[in-house]
Amino acid sequence: SEPAVKFAENLSDTELKYVKGKPASPLSVLAEYAGDETESNITYQWYKNTEKSTDNGEIIDGADRGSYTPQTDEIGTIYYYVIASCDGLTAISKIATVTVQEPSLKVLTNLGDAEIKYIIGKQANALTFDAEYTGVTDDEVEYTWYKSTEKSTEKGEVIDGANENSFTPQTEEIGTVYYYATASCEGITVTSNIATVTVTEMPVLSVLDNVIDITDRAIYTFSN
């Protein structure tokens, strides 16, 4: 067969995403030379490009091995490829897409918009607000819960001890209270939706002509 340079291990087509400043994993290839019995060394040269193309790529100084670790100090998408050469023959790898992003705090579970009603003294269900941080460090997300007499995330009162991703409202007093939470990590903060929790009096039951009438025709669940 004709002498040729071929990639036994090539770059992946899957986009690689990194957070700015967080070390990237090396891009690696392995080329093989099929030629005469003379031992020949394969050389590598890596390139980068702002377009997904192997034309007009910029040579990366010093990147002359089978692996190269992309830089993550600038936001944006860079395309990488490598040319393997031996005895005047060359092979061009696939193109690797590497995207560098700003750190982010993504909401996974948010509070519902529907009003939640409880009878006074009945155990409430927990409200849940969950966020995921993607960044340079592995710091944990910190949560703070607030309550307010107005449906607003301004001037809410911090609820002491409520620093988890869930909080169970109190049902000891009649009225409507609005709850929301914030999640913070590495200087980034996101705010939840506002949950409306209304606590009502025990409904009045009246028996008239053997018909049980429940006030406001609502369905209530009673606890012992």
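Trainee: Among contacts in the chain between residues at least 6 apart in sequence, what share joins residues at least 24 apart?

Mentor: That share is 63%. A contact means heavy atoms within 4.5 Å.

Trainee: What sort of model is this, and how are residues numbered?

Mentor: The model is predicted: local features need pLDDT of at least 70, side-chain atom pairs count only at pLDDT 80 or more, and totals for chains, interfaces and linings use all residues. Residues are numbered from 1 along each chain as its sequence is written, and side-chain values use heavy atoms, with hydrogens and water left out.

Trainee: How many helices and strands does the chain have?

Mentor: Zero helices and 22 strands. Both are DSSP runs, numbered from the N terminus: helices are H or I with at least four residues, strands are E with at least two.

Trainee: What is the accessible surface of the chain, and what part belongs to carbon and sulfur atoms?

Mentor: The surface comes to about 14600 Å², and 43% of that belongs to carbon and sulfur atoms. Such areas come from the Shrake-Rupley method with a 1.4 Å probe; for residues, only the protein chains shown count as cover.

Trainee: Why is S192 called buried?

Mentor: Set the value against the cut-offs. Buried means under 20% relative accessible area, exposed means over 50%, and partly exposed lies in between (1.4 Å probe, protein chains only). S192 has 6%, so S192 is buried. Across the chain, buried residues make up 32% of the 224 residues.

Trainee: Where is S192, and what does S192 touch?

Mentor: S192 sits in the loop between β19 (188–191) and β20 (195–200). Not counting residues up to four places away in sequence, S192 touches N110, L111, F129, Y180 and A181.

Trainee: Which polar contact does the side chain of T99 make?

Mentor: The T99 side chain pairs with the side chain of T77, at 2.9 Å. T99 is in strand β10 (residues 96–101).

Trainee: Buried or exposed: what is T99, and why?

Mentor: T99 is buried, because its relative accessible area is 9%. Leaving aside neighbours within four places in sequence, its contacts are E15, L16, K17, Y18, G76 and T77.

Trainee: What marks out phi in N56 and E186?

Mentor: N56 has a positive phi near 60°, in a residue other than glycine. E186 has a positive phi of about 50°, and is not a glycine either. N56 lies in the loop between β5 (43–49) and β6 (58–59). E186 is in the loop between β18 (175–185) and β19.

Trainee: Why do N56 and E186 fall into their accessibility classes?

Mentor: N56 is at 77% relative accessibility, so N56 is exposed. E186 is at 45%, so E186 is partly exposed.

Trainee: How many disulfides are there, and what makes a pair count?

Mentor: The sulfur atoms of two cysteines must be within 2.5 Å. By this rule the count is zero. C86, at 2% relative accessible area, is buried. C185, at 4%, is buried too.

Trainee: What makes a set of residues a nonpolar core?

Mentor: The members are buried Ala, Val, Leu, Ile, Met, Phe, Trp, Tyr and Cys residues, joined through side-chain atoms within 4.5 Å. The largest core here has 21 residues, and those with the most contacts inside it are L105, F129, V141, W145, Y179 and A183. β14, β15 (142–148), β18 and β20 each give two or more residues to this core. β18 gives the most, with four. A second, separate core has 20 residues, including Y18, L27, V82 and A96.

Note on methods. Polar contact = N/O pair within 3.5 Å; in protein donor to acceptor, adjacent residues only side chain to side chain.
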